[in-house]
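Good morning, colleagues. Please bring up the sequence and the structure, and I shall go through the architecture in a few minutes.

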Amino acid sequence: MIHILQYLAQYEGIESASVVSYDGVLVASAVGTQAGVQQAALSDREAQPIQTLAALASGWLGEVNRAVGPLSWGMPYRYVLRSTQATLVTHVFTDSFLLLVLDPDVDPEETRSLMDEAVGQIVAHIQAGNDAGSGMEQAAYAPQGAYPTQSTTNVGLSMPGGPLSESAGDS
Amino acid sequence: MTFFSNLTSKKRIRAALRRLSQDPTAENYVAVAREHVVVGNLQDILRVCSEGLSLHPGNAELMRIAERTRQLQLDSRIRTLRQDLTLSPRPALWRELCDVLLECGRTQHAEETAQQWWEQAGGGEPTYYRSRGRCAQFFQGRRASDGKVAWDLALEAVREMPGDTRPLEVQYEIAKACGAWADARKVLARILEIAPGHPQHEQRFRDASRRVHGSKSLRAALAEVEATGRFVDTPENAGGPSNVAIRPLLKRMGTDVDVKAVIFQRGGTALVQGLHGATADRTARAVREVGAGTRSSARRMGIGRAIEVTVEGSFGSLAIAVGNGGTAACWSRTYMKLEHYEALHSIVGAGAQPGGSVA
């Protein structure tokens, strides 16, 4: 996934590319070379940490969805916010969104096909990961044979009152 | 432009002028201005717009054409100045370039240009222009850090140009905008030392002295501006064209087959074109909430003042222009067209538009 984001971030005018989950957690990100140069030139400007920006962008998407929700329009999939110092473009896919921070002089329309392609690749990557993961899960939860070939090893201290399950503290 | 197209354009201009002489309405002035746009005579466009605006003040379309033309003139001047600077860099050219960039609203470019000037030649004048560029960014984005940097740069310029009041005036503008009256009074006292007896500065000094009790420190005042997004003396709903001038623009946008609805909202009033009854109320409320939420989110994210939001989905696309004069939105069945963006920005009077599709 990081390669896909790095590929996006190398385009001129793209300051950063990130994948963020709906709850605002930054999954992966890549910073463009142009942004690095600009921040060096205006070093007094406070650089917004990408994690903070991801969380705030997620909050903004939530606000827009709550406002548009009563209109029964269905879930939007692309959001663009243009401001005086940057442009945010987000493209929503399963439980996450791709977030690009652009230079304010860049037309967000120019990123449309790039983002569509990147989202397609990320979704394919996630699906491939899920398929591999489900295969491993199947192996992990496969029923044991009647005669196990390997005995389980007991690690850690034994509890005085017998074995303690992990959920015991919650009950 | 070929000879034939030039000839036909002149014919069309003459016909538009004839219609204008028979009926000098705002629409006919707009028609003449548009014909001049085809030919590309910037001076003629400005002359027609100026004449039209003197008869029909506040007409949004004429104002938009005039503003765009002025922008084109300034762009051309910027190109010339940049070329001249590569050949023979000198203070007068740097100064003019910074002034033009500030006038265009390209505040970051103005600051970067002043920085280049400062790196080449040093001195107080480039520092003053850096402070002006950053001050303009503070007024656009309302970020406390921009205000503080502009203040410090102006202070540096004051040290380098002790007999010049201009950097002090930058400091005064910042202090006055955020309500740091004690700092404003100190700055005005220094201005009056340099230019004693200046009636405007004396009046400002008396005004600041009246308001100095209980005023905040500069840091606290700047932080409050960033938190609220409002300057001290800014009224709630300032500026913008009247609703009477906006209605024809909404109607014109609504005639497009792709457009489902056009909404303008300011304060508690909403004008809706294309929807009726409860649906119109609900949509206007949603637009207002998106506008308000976006304004505060953009400030929190530190990306300056929000200008425009576009949301796309199975419903089509909804573009919302956010400006000082209210919020204007267009709901379209397909992708939003460039002219719709331009119309929305002309309605809300969003002064500083970044380049790209809106310019």
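Ten strands form an open sheet with antiparallel pairing, in the order 2(A)-1(A)-5(A)-4(A)-3(A)-3(B)-4(B)-5(B)-1(B)-2(B). At its edges lie strand 2 (26–31) of chain A and strand 2 (269–273) of chain B, each of which pairs on one side only. From one strand to the next, the twist averages 10°.

Helix 3 of chain A packs on this sheet. The helix touches strand 1 (14–21), strand 2, strand 3, strand 4 and strand 5 (96–102) of chain A, as well as strand 3 (306–313) of chain B. Its direction makes about 65° with that of strand 1 of chain A.

What joins the two chains within the sheet? Strand 3 of chain A and strand 3 of chain B run antiparallel and are joined by six bridges. On its other partner, strand 3 (residues 78–83) of chain A is joined by five bridges to strand 4 (residues 87–93) of chain A, again antiparallel. Arg82(A) illustrates both pairings: it stands opposite Glu308(B) in strand 3 of chain B, and Arg82(A) also stands opposite Thr87(A) in strand 4 of chain A.

Let me now turn to chain A as a whole. Chain A contains four helices and five strands, which run α-β-β-α-α-β-β-β-α from the N terminus on. Of its 171 residues, 31% are buried. Among the contacts in chain A with a separation of 6 or more, 47% are between residues 24 or more positions apart.

Helix 3 of chain A covers residues 50–68, which is 19 residues. From first C-alpha to last it reaches 27 Å, close to the 27 Å expected at 1.5 Å a residue. Its buried residues are Leu53(A), Ala54(A), Ala57(A), Ser58(A), Trp60(A), Leu61(A), Val64(A), Ala67(A) and Val68(A). An α-helix has 3.6 residues a turn, so residues three or four places apart point the same way.

**The interface**

How many residues of each chain are in contact with the other chain? The count is 35 residues of chain B and 35 residues of chain A. On the side of chain B that touches chain A, the elements giving two or more residues are helix 7 (124–141), helix 8 (144–160), helix 14 (277–301) and strand 3 of chain B. Helix 14 of chain B provides the largest share, eleven residues. By residue class, this side of chain B divides into 13 nonpolar, 15 polar and seven charged residues.

**A helix of chain B**

Helix 4 of chain B, residues 60–87, has 28 residues and should therefore span 40 Å at 1.5 Å a residue; its end C-alpha atoms are 41 Å apart, which agrees. The buried residues of this helix are Glu61(B), Leu62(B), Ile65(B) and Thr69(B). They pack against helix 2 (26–39) and helix 3 (42–55) of chain B.

**Confidence**

I close with the predictor's scores. The complex receives an ipTM of 0.70 and a pTM of 0.58. Chain B averages a pLDDT of 84, and 92% of its residues score at least 70. Over residues 350–359 of chain B, however, pLDDT stays under 50, and the model has 28 contacts beyond four places in sequence for that stretch. Where pLDDT is low, the predicted coordinates should not be read in detail.

Conventions: Residues numbered from 1 in each chain as written. Chains lettered and ligands numbered in written order. Predicted model: local features only at pLDDT ≥ 70, side-chain atom pairs only at ≥ 80, totals over all residues. Buried ≥ 20, exposed ≤ 12 C-beta atoms within 10 Å, placed from the backbone. Contact = placed C-beta atoms within 7 Å. Expected span 1.5 Å × (residues − 1). Pairing = 2+ DSSP bridges. Axes fitted to C-alpha atoms, helices over the stretch in contact; angles between N-to-C directions. Nonpolar A, V, L, I, M, F, W, Y, C, P; charged D, E, K, R; others polar. pLDDT = per-residue confidence, 0-100.
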